[in-house]
Amino acid sequence: MPMLKLHSFSQHIAVYFALPPVKPRTAFSRRDQTILLALAIVFQALYLLIIPLGIECDAAMYFNYAKSILGVEGGAYTYHRPPGYPVFLIVTGQFLFDSFVITVMVQALMGVLAPLLVYRSLVPMHRVTALACSGAFIISGIPFAAAKLMLATQLYMFLVVATIYAFSRYYFTNEPRFIYLTVFVSLAAMFTRWEAVFLLAFATVAMFVIGRKTSRHLRYVLTGFVVVMLTLSSWSFIRSV
């Protein structure tokens with residue numbers, strides 16, 4: 001009998017937090033995205049050819065930080081830096097393949113995709129404005145300049161743009177699944193650079209304001225907030241051990 005009640009309670013919880021069915025989404029212009037993608041690829045290729053591989057003191061710090069996570073000899077843990085970029089270095093195979101190639105390729109891919117995310121973030125407001133802003137973003141070189149730097153700059157830039165995109169999708173579609181995406185990406189940005197805590201806080205408050213009239217949406221915002229608090233508490237505990 002107690003097991004039956006527990007099963008019934010767990011089902012009620014699952015239904016309470018269940019995501020609603022996916023609504024038909026507005027299609028983005030394939031032509032616009034193809035043009036932006038082509039321009040981004042050309043600009044990123046030029047930057048890869050022009051800019052040399054950048055390795056300096058902070059790059060060495062991230063490299064040694066990654067070593068400490070893996071428990072490799074010569075590693076040095078840095079208390080005031082978040083672990084996001086060192087983990088990124090590990091995932092992109094710097095220690096497995098003893099090469100920067102995959103890291104540079106992934107960072108270059110981020111540079112190519114970032115203008116598309118800018119376009120998708122703004123196009124629900126105005127297509128021409130979205131194209132103009134994405135084009136200006138490409139011409140500025142911001143998405144491409146740090147692709148060959150072994151620093152957190154490129155990853156942080158991409159995660160900030162991705163957070164804006166995720167929040168935009170929630171705002172314009174009113175789909176609560178984008179609440180989780182916004183929280184996850186902004187949390188990843190914060191664990192890449194601590195200053196992204198302001199972005200995470202702003203996004204959380206903004207989603208709370210937007211979803212305050214819909215109890216189901218507030219559930220997701222509060223759940224995301226709990227996940228953030230648990231993640232920060234866990235990291236603080238691990239770091240203090």
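Tutor: Before we start, one term: two residues are in contact when they have heavy atoms within 4.5 Å of each other. Also, this is a predicted model.

Student: Got it. What is the secondary structure of the protein chain?

Tutor: Ten helices and zero strands. From the N terminus on, the order reads α-α-α-α-α-α-α-α-α-α.

Student: How many residues are in the chain, and what share is buried?

Tutor: The chain has 241 residues, and 41% of them are buried.

Student: What share of the contacts comes from residues 24 or more positions apart?

Tutor: Such pairs make up 69% of the contacts with a separation of 6 or more.

Student: Let's look at a helix pair. How do the axes of helix 3 and helix 4 cross?

Tutor: They cross at roughly 75° and come within 8 Å. Angles from 65 to 115 degrees count as roughly perpendicular, so helix 3 is roughly perpendicular to helix 4.

Student: Which residues meet there?

Tutor: Helix 3 brings Y62, F63, Y65, A66, I69 and L70. Helix 4 brings Y85, P86, V87, L89 and I90.

Student: What does A66 touch, leaving out residues up to four places away in sequence?

Tutor: P86, I90 and F95.

Student: What are the contacts of S68?

Tutor: Leaving out residues up to four places away in sequence, S68 touches G75, A76 and Y77. P86 is 18 residues from S68 along the chain, and their C-alpha atoms are separated by 9.4 Å.

Student: New pair. How do the axes of helix 7 and helix 9 cross?

Tutor: At roughly 0°, and the axes come within 11 Å. Under 35 degrees counts as roughly parallel, so helix 7 is roughly parallel to helix 9. Helix 7 spans residues 153-173 and helix 9 spans residues 197-210.

Student: Who meets whom between helix 7 and helix 9?

Tutor: V160, T163, F167, Y170 and Y171 of helix 7 meet L199, A203, A206, M207 and I210 of helix 9. By class, that contact has nine nonpolar residues, one polar and no charged.

Student: T163 is in helix 7. Is T163 buried or exposed?

Tutor: T163 is buried, because its relative accessibility is 1%.

Student: What does T163 touch?

Tutor: T182, V185, S186 and L199, with residues up to four places away in sequence not counted.

Student: Which residues line the largest pocket?

Tutor: G84, V87, F88, V91, T92, M110, L155, F158, L159, A188 and T192. Eight of the lining residues are nonpolar, three are polar and none is charged.

Student: Which elements give two or more residues to that lining?

Tutor: Helix 4, residues 84-91, and helix 7. Helix 4 gives the largest share of the lining, four residues.

Student: Where does D98 lie?

Tutor: In the loop between helix 4 and helix 5, residues 101-122. D98 counts as exposed, because its relative accessibility is 68%.

Student: And N174? What is its phi?

Tutor: Near 60°, again a positive value in a residue other than glycine. N174 is in the loop between helix 7 and helix 8, residues 177-190.

Student: How is N174 classed by relative accessible area?

Tutor: Partly exposed, at 36%.

Methods: Residues numbered from 1 in each chain as written. Predicted model: local features only at pLDDT ≥ 70, side-chain atom pairs only at ≥ 80, totals over all residues. Heavy atoms only, no water. Axes fitted to C-alpha atoms, helices over the stretch in contact; angles between N-to-C directions. Parallel < 35°, antiparallel > 145°, perpendicular 65-115°, else oblique. Nonpolar A, V, L, I, M, F, W, Y, C, P; charged D, E, K, R; others polar. 1 Å grid on protein atoms, 1.4 Å probe; cavity = no way out; pocket = protein on both sides within 12 Å on 5 of 7 lines; lining within 4 Å. Buried < 20%, exposed > 50% of the residue type's maximum accessible area, 1.4 Å probe, protein only.
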